[in-house]
Amino acid sequence: MPLTDQACTVPGKERGKENQQTMDPKVWSVELNDGHFIPVLGFGTYAPEEVPKSQAVEDTKLGIDAGFRHIDCAHAYGNEKEIGLAIQSKIEDGTVKREDLFCNSKLWLTFLRPELVRPALEKSLKELQLDYVDLYIIHYPMALKPGEELYPKDEHGKAIFDTVDLCGTWQAMEKCKDAGLTKSIGVSNFNRRQLEMILNKPGLKYKPVCNQVECHPYLNQSKLLDFCKSKDIVLVAYGALGTQRPKQWVDQSSPVLLEDPVLCAMAKKYERTPALIALRYQIQRGVVVVAKSINEKQMKENMQVFEFQLTSEDMKVLDGLNRNLRYLPGLIVADHPEYPFSDEY
């Protein structure tokens, strides 16, 4: 069940306000529609190309030390091997046990053909040095030509599309869950129509537990959030702090979210950072949020999201910042027949 404004769920504990102040941030979780639990604050592992892959080892260790237990990975980030090393190191030194961690990975666009799904997951598991992931997600609803290249292009530099029935892809995801390779299965960057296609699939065995999408005060996804809640699907926010603004993907002239005057004024009022206000906003809406931190100070700071609460009036003020600004429109695949961002939501 989606979490409410007032309380998150901890396995074995009752929901309620009394848990909110005393609860260990490491176990702030929300129940998924398959009975598993996802921590509401995730550790983002994407880094722009100029950041050395080796940095992911140190960053992930620091994240686990800071208290993060939900590690958001993806084949496309190119650093699962490094994250695997960090996880093993923290298990070996006794900081965490495997079952304390919630690790997810994502199925890339070049592996959407049903016969490619399990091998792709098995490759991620090998790199992460894990027997299973807690969640495996279809990264985008758009298939690209199979192969090793992340973005296969023709001689004119245009992306080479593939034609795949996503219901077949989903069936292959269900088989991965049945095989114990992942505990839960979900999607990312799906619009309402694409979610309904899966939900209405004949012979559907498991519903997606989540839909991970770009979501922040400038793109608050309120209609998609309401739809997902109505179907008991958790919305997971990426880019919640306005993204890292990588030059190859984000229009550098777009406004910087964390410099927004309303957000900054609210940060002053609560004696918190603008980033914490943006993260707290999502958690109170019942959204699971993935935060990318670039240093140890930020990681520890982001953990403070559990130490305060925004008033309902301030939540309404933040709702008012929405301007449907998508920092990551994925223009390289904008003419794909399954491009998800042309629909209203």
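Visitor: Which residues form one aromatic cluster with Trp108?

Guide: This is a predicted model. In it, Trp108 belongs to one aromatic cluster.

Visitor: What is the geometry of the pair between Trp108 and Tyr140?

Guide: The two ring centres are 6.2 Å apart, with 90° between the planes. Planes over 60 degrees apart count as edge-to-face. The pair of Trp108 and Tyr140 is therefore edge-to-face.

Visitor: How many residues apart in sequence are the parts that the pair of Trp108 and Tyr140 ties together?

Guide: Trp108 is in the loop between strand 5 (102–107) and helix 4 (114–128). Tyr140 is in the loop between strand 6 (133–138) and helix 5 (166–178). The pair therefore ties together parts whose separation in sequence is 32 residues.

Visitor: And the pair of Trp108 and Tyr151: what is the distance centre to centre?

Guide: Trp108 and Tyr151 also make an edge-to-face pair, with 80° between the planes. Centre to centre, the distance is 5.4 Å.

Visitor: Is Tyr151 buried or partly exposed?

Guide: Buried means under 20% relative accessible area. Trp108, at 3%, is buried, and Tyr140, at 16%, is buried as well. Tyr151 has 26% relative accessibility, so it counts as partly exposed.

Visitor: Which ring does the charged end of Arg323 sit over?

Guide: The charged end of Arg323 is 4.0 Å from the centre of the ring in question. That ring belongs to Tyr218.

Visitor: At what distance from the ring centre does Arg326 lie over Phe341?

Guide: Arg326 is placed over the face of Phe341. Its distance from the ring centre is 3.8 Å.

Visitor: Is Thr45 buried or exposed?

Guide: Thr45 lies in the loop between strand 3 (41–44) and helix 2 (55–66). Beyond four places in sequence, its contacts include Ile71, Tyr77 and Lys292. With a relative accessible area of 5%, Thr45 is buried.

Definitions and conventions. Residues numbered from 1 in each chain as written. Predicted model: local features only at pLDDT ≥ 70, side-chain atom pairs only at ≥ 80, totals over all residues. Heavy atoms only, no water. Phe/Tyr/Trp six-rings, centres within 6.5 Å; stacked < 30°, edge-to-face > 60°. Helix = DSSP H or I, 4+ residues; strand = E, 2+ residues; numbered from the N terminus. Buried < 20%, exposed > 50% of the residue type's maximum accessible area, 1.4 Å probe, protein only. Lys NZ or Arg CZ within 6 Å of the ring centre and 35° of its normal. Contact = heavy atoms within 4.5 Å.
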